Amino acid sequence: MRVKCVICDSINELDDDVPLAKKLRNRPIHTYTCPECYDRIAINTEKRLATGNFRFFRTSSPVDEEF
């Protein structure tokens, strides 16, 4: 399966048996980011968390807290 990164527009190949490929096929709302962009975002998020001025909300719904 050919996929395109939404950030850098690089085109990559995914095996059809990978769970990510199935998720992208069955739910078009999900987007693909290449490993380089994903790591870059993770590093930048960790830097912002370390400053103390950034609040990281893991869930968007108060209903999720009950579970």
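Where does isoleucine 7 lie? I looked it up first in this predicted model: isoleucine 7 is in the loop between β1 (2-4) and β2 (11-13).

Entry on isoleucine 7. I then looked for a surface patch and noted a nonpolar one formed by Val6, Ile7 and Ile41, with about 250 Å² of accessible area together.

Entry on cysteine 37. I left aside its neighbours within four places in sequence and listed the contacts of cysteine 37: Cys5, Ile7 and Cys8. I also found Cys37 in the largest nonpolar core, which has eight residues in all.

Entry on histidine 30. I placed histidine 30 in the loop between α1 (19-26) and α2 (35-51). I read a relative accessible area of 34% for histidine 30, which makes this residue partly exposed. Its contacts, leaving aside neighbours within four places in sequence, are Lys23 and Leu24. I also took the C-alpha separation of histidine 30 and leucine 20, which are 10 residues apart along the chain, and got 9.5 Å.

Entry on α2. I compared the length of α2 with expectation: at 1.5 Å a residue its 17 residues should span 24 Å, and the end C-alpha atoms are 25 Å apart, so the two agree. I then looked just past the helix, where glycine 52 takes a positive phi of about 90°.

Note on methods
Residues numbered from 1 in each chain as written. Predicted model: local features only at pLDDT ≥ 70, side-chain atom pairs only at ≥ 80, totals over all residues. Heavy atoms only, no water. Helix = DSSP H or I, 4+ residues; strand = E, 2+ residues; numbered from the N terminus. Buried < 20%, exposed > 50% of the residue type's maximum accessible area, 1.4 Å probe, protein only. Contact = heavy atoms within 4.5 Å. Expected span 1.5 Å × (residues − 1). Core = buried A, V, L, I, M, F, W, Y, C linked by side-chain atoms within 4.5 Å. Patch = residues over 30% accessible without salt bridge, like charges linked within 9 Å, V, L, I, M, F, W, Y side chains within 5 Å. Areas by Shrake-Rupley, 256 points an atom, 1.4 Å probe, with all protein chains shown as cover. Salt bridge = Lys/Arg side-chain N within 4 Å of Asp/Glu carboxyl O.
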